[in-house]
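Subject: Structure handover

Hello,

Here is the structure for your set. My notes on what I found follow below.

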Amino acid sequence: MKAKAGFALLSVLCASGLGMQGVASAAEAYPSKPIHFIVPYPPGGPTDLMARLLQASMQSRLGVPVLVENRAGAGGNIGTSAVAKSAPDGYTILLAASGPMAVNPTLYKQLSYNPLTELTPVIQISAFPLVLEVHPSVSARDVRSFIAAVKSKPGDYSFASAGNGTPQHLAGELFNTAVGAKMQHVAYKGAGPALNDVLGGQVPVMFDILASSLTYIKANKLRPLAVTTKTRSPALPDVPTLAESGVPGFDFVAWHGIALPAGTPKPIVVKLNGVINEIFKDPEFRTRWEAIGTPVVGGTPEAFGALIRDETTRLGKIVRDTGATVD
C-alpha cells in the first residue's frame, strides 16, 4: 500500500511539474500572434488616445501586431466585459478605466462581469486631473461666480459626460453635492461626442479629463475654471484647484491601467508589466505621454490591484452619497 501511495504522490508531483513547465514555456513563447487591445470607449477620448500612444511601442517590443479595438457602450461595461469573458491567454488586453473598474459595480444594479474577480491587474498607466470647463458663452470667469450662477437658476445648467459612471459623470455629481448645485447630467457614448456638444454650446459645462480638452482650452474654445485635484496641473499652471476656489476638500482623479482576463498565467502578466514599465522609461515616450496631461505612473500588478480595490470602496461611497444614477 505504501508503495502505491508513494507512486501516486510521485505521479502527482511529476504532473504538477509538467504543468508548471507548460505554463512557463507558453509564457516564453508569448506573444506569437496579434494582440487585441480593447478600449471600452469610442475613438477620440483619453482612453483611446492612450491606447494608440502605447500601440506602436508595444508592437516594437513584443514583435507582433497590437490591434486597438473600440468596443464602446454602457459606460464602458461592454468592452470591459468582453475582456473579462475572453480566453486568459494574454491575447486580449483591456485599457482599464476607473469607471467600469471601480464605479460601475455600485452604480449599476447588475453587471455582466466582476472586475475584482474576473480581471487581472497588470499596471496603472495614468492619473489624470479633470478640469471644470465651460463654453465661452457662459459669463462666469471663476468658480465662485459660476457657483452663484448655477444656484441662481436651479436646473437650468447641465453638464456633459462620457457616459454613466465615467469620471466626468462622478466629478459633476460630486461638485453638485459639494456646493449644493442642481446641474443636470447629460450622458454621451464617449468623451468625444460629449466634448463636441460642449464645444458647440449645446451643453455649457463639462468636467473633462484634461487630455481630451487641453488643445481646445489652449485655443480659447473652452474656458477652464478649475482642476479637480489637490494640486494644480503642470499642463495648466495658471488654473486653480477647486479647493483653492472655495470648494474645500475636493479631490478627484481619473485613472487608467492595463488588465487581462483572470486566470492569465503569471509569467504573461509579469512580461506585459515589464514591457510597459520599459516603455515608460523612454524619454521621448514620456514627453509625449506627459503632454496629454498625466504623469507617467507604472509600477507593479500588485500596486494596481490595491488601487482598484481601494477605489471601488471610495468611489462606491461617492455614488451612494451623491445619489448618482444611470440616466
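First, the ground rules. This is a predicted model, in which local features need pLDDT of at least 70 and side-chain atom pairs count only at pLDDT 80 or more, while totals for chains, interfaces and linings use all residues. Residues are numbered from 1 along each chain as its sequence is written, and side-chain values use heavy atoms, with hydrogens and water left out.

Confidence
pLDDT is the predictor's confidence in each residue, from 0 to 100. The protein chain has a mean of 91, and 91% of its residues reach 70 or more. Residues 1-5 fall below 50, and beyond near neighbours in sequence this stretch has zero contacts (heavy atoms within 4.5 Å) in the model.

Strand β4
Helices (H or I, at least four residues) and strands (E, at least two) are DSSP runs, numbered from the N terminus. Strand β4 covers residues 119-134. Of its 16 residues, 14 are buried. Buried means under 20% relative accessible area, exposed over 50%, and partly exposed in between (1.4 Å probe, protein chains only).

Two strands pair if DSSP finds at least two bridges between them. The pairings of β4 include these:
- β9 (residues 253-261): antiparallel, nine bridges.
- β7 (residues 205-209): antiparallel, five bridges. Val-131 has Asp-208 of β7 as its bridge partner.
- β8 (residues 223-227): antiparallel, four bridges. Glu-133 stands opposite Pro-224 of β8.

Aromatic rings
Rings of Phe, Tyr and Trp (its six-membered ring) pair if their centres lie within 6.5 Å; planes under 30 degrees apart count as stacked, over 60 as edge-to-face and the rest as tilted. The structure holds nine aromatic pairs. One of them is Phe-146 with Tyr-157, edge-to-face, at 6.1 Å centre to centre and 85° between the planes. Phe-146 is in helix α6 (residues 143-152), and Tyr-157 is in the loop between α6 and β5 (158-161), 11 residues apart. Phe-146 counts as buried because its relative accessibility is 0%. Tyr-157 has 16%, so Tyr-157 counts as buried too. Phe-280 and Phe-285 have ring centres 5.9 Å apart and planes at 40°, so that pair is tilted. Both Phe-280 and Phe-285 are buried. Ring pairs also link Phe-146, Tyr-157, Phe-159, Phe-175 and Phe-207 into a cluster.

Charge over a ring
Lys-33 lies over the face of Tyr-91, 4.7 Å from the ring centre. The criterion is NZ of Lys or CZ of Arg within 6 Å of the ring centre and within 35 degrees of the ring normal.

Best wishes
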